[in-house]
Amino acid sequence: MFSRILIANRGEIALRIIRAARELGLETVCVYSEADRDGPWLEQADHAVCIGSPAPLDSYLRIDRIIAAAETTKADAIHPGYGFLAESAEFAAVCRDCHVEFIGPSPEAMALLGDKISCRRMAKQAGTPIFPGSEDAIEEESEAIEIAHEIGFPVIVKAAAGGGGRGMRVVEAEEDLQSSIQSAQQEAVSAFGNGAVYIEKFLEKARHVEVQCIGDKHGQAIHLYNRDCTSQRRHQKLIEEGPAPHVPDDIRDRVCESAAALIRNANYAGAATCEFLMDRNNDFYMLEVNTRVQVEHPVTEMITGVDIVKESILVAAGEPLSIRQEDVSITGHAIECRINAEDPGRDFMPQAGVVETYRPPGGYGVRIDSHVITGYRIPSNYDSMIAKLIVHGRDRNEAIARMKSALSEFKIGPGKTTIPLHLRLMDEPCFHAMDVDIHYVERLLDSAPMES
Ligand code: ADP
């Protein structure tokens with residue numbers, strides 16, 4: 001087992017990892033940027049090392065400085081959290097070369113699943129449902145036209161190395177195919193240094209349903225059931241819940257088992273999420289695999305009782321998974337709302353500055369994952385998420401009622417937050433009925449904007 005873990009991240013996820021490490025009797029080292037000098041989570045760490053100026057490129061993305069901090073503080077493992085270097089196979093490889101354990105998959109497994117073309121190939125072998133589309137990178141226009149006609153327009157051109165929605169083009173008709181492929185290739189080269197693109201069927205109306213998986217270094221991988229993350233704005237998730245409502249049990253189990261098989265075949269150790277779109281016929285199509293812990297992991301922890309962060313530290317240390325697939329079951333329903341420091345009434349303008357009022361809710365079935373305390377200054381350099389509010393109820397209706405109560409109790413100011421938007425969504429009939437697709441929040445906001 002490790003004795004000291006370095007956390008190459010900030011904010012709520014840094015605190016989440018500190019808590020898990022402490023429960024396991026491990027010391028923690030946090031690296032931080034100058035903008036996070038007063039970060040409340042640093043007080044909870046055993047050691048803190050400043051690694052540079054506020055811009056992520058000068059601090060949280062500096063592999064050399066993070067490794068140097070691990071060496072000088074004698075940390076024997078690094079947890080990358082999410083974002084920043086969490087999905088960098090290069091970082092995982094440098095950790096290995098420097099004899100520091102990377103808490104996550106091997107660089108090989110990460111590269112295999114991180115490349116969308118090789119991931120699709122592996123998914124096909126594992127029986128994980130994928131979109132109809134090309135098997136390899138597009139080389140010739142004629143080949144692209146042939147595949148597009150086979151699967152039918154609209155299609156989407158996607159970069160193999162894609163991330164953050166870059167290098168994607170929806171194509172409605174053949175005459176636009178060639179120019180879309182070229183522009184996607186160019187964007188992919190400049191964003192990722194890899195111009196490989198492929199095409200797949202474009203699904204207009206779908207729900208986002210994902211499967212939480214975890215594997216160990218002994219060839220085992222299990223799933224922890226699914227979550228629905230259909231409530232999004234500009235591809236950013238706002239609300240996540242689990243288990244995903246209205247997915248028939250037999251389909252759910254089949255998709256979850258195929259996701260676990262994919263992770264197992266990739267020799268994957270650590271937490272992973274297979275993301276899917278689900279259409280109105282309950283057909284599933286894999287979008288991608290996220291090779292890291294996700295923001296919404298607490299939803300799964302609340303319904304399965306499995307501590308995903310602790311379990312990933314243990315498997316990184318070489319322990320076998322502490323739970324078998326047959327021991328995983330779902331209790332009740334959980335919902336998470338991401339509370340962002342943004343003004344929904346002004347096009348979600350970020351609200352940096354001092355938090356003068358911070359009064360989180362509490363009570364039965366309410367969990368807050370947040371690094372914020374009264375007097376905390378939200379820096380303008382990073383993601384605007386300042387808290388995750390998670391509730392657990394016996395069923396979905398109870399969870400919604402509990403979320404409404406908790407949201408109305410949550411006071412943060414003077415800056416605006418997304419709390420009013422969440423309160424509105426909790427009352428939307430389409431949300432209650434799950435008559436939703438990934439664009440429903442944007443449509444609601446277009447038809448009736450939020451007030452500032
Ligand atoms: P990235 O890695 O850039 O986030 P994803 O493959 O996860 O790329 O896709 C990002 C988003 O684009 C998805 O959440 C979904 O909204 C949309 N998208 C991607 N592929 C398709 C598809 N085949 N049909 C419909 N929407 C898609």
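## Contacts of N282

Contact here means that heavy atoms lie within 4.5 Å of each other. Leaving aside neighbours within four places in sequence, N282 is in contact with H246, P248 and I251. N282 is placed in the loop between β12 (270-278) and β13 (284-290); helices (H or I, at least four residues) and strands (E, at least two) are DSSP runs, numbered from the N terminus. The C-alpha atoms of N282 and D216 are separated by 30 Å, and these residues are 66 residues apart along the chain.

## Basis of the model

This is a predicted model, in which local features need pLDDT of at least 70 and side-chain atom pairs count only at pLDDT 80 or more, while totals for chains, interfaces and linings use all residues. Residues are numbered from 1 along each chain as its sequence is written, and side-chain values use heavy atoms, with hydrogens and water left out.

## Domains and their interface

The protein chain is divided into domain 1 (4-88), domain 2 (132-201) and domain 3 (207-447), with bounds that come from an automatic or database domain assignment. The C-alpha centres of domain 1 and domain 3 lie 23 Å apart. To their contact, domain 1 gives 30 residues and domain 3 gives 25 residues.

The size of an interface is often given as the accessible area lost when the parts come together. Domain 1 and domain 3 bury about 2100 Å² between them, with 62% of it on carbon and sulfur atoms; buried area is the accessible area (1.4 Å probe) that two parts lose on being put together, summed over both. Of the area that domain 1 buries against domain 3, E12, R16 and E87 supply 28%, more than any other three residues.

A salt bridge is a side-chain nitrogen of Lys or Arg within 4 Å of a carboxyl oxygen of Asp or Glu. Between domain 1 and domain 3 the count is 5 salt bridges. The side chains of R16 and E301 form a salt bridge (2.8 Å, N to O).

Helix α1 (residues 11-23) provides 9 residues, the largest share of the side of domain 1 that touches domain 3.

A further salt bridge joins the side chains of E23 and K310 (2.7 Å, N to O). E23 lies in helix α1 and K310 in helix α10 (residues 308-316), so the pair ties together parts that are 287 residues apart in sequence.

## Surroundings of the ligand

Of the 18 residues around the ligand, K116, K158, G165, K201 and E288 come nearest; a residue is near if one of its heavy atoms lies within 4 Å of the molecule or strand in question. A backbone N or O atom of K201 lies 2.8 Å from a nitrogen atom of the ligand. A polar side-chain atom of H235 is 3.3 Å from an oxygen atom of the ligand.

## Backbone features

Most residues other than glycine have a negative phi, and most peptide bonds are trans. A cis peptide bond joins F153 and P154, with omega about 0 degrees. The bond from G413 to P414 is also cis, with omega near 5 degrees. H99, which is not a glycine, has a positive phi of about 60 degrees.

Technical notes:
Polar contact = N/O pair within 3.5 Å; in protein donor to acceptor, adjacent residues only side chain to side chain.
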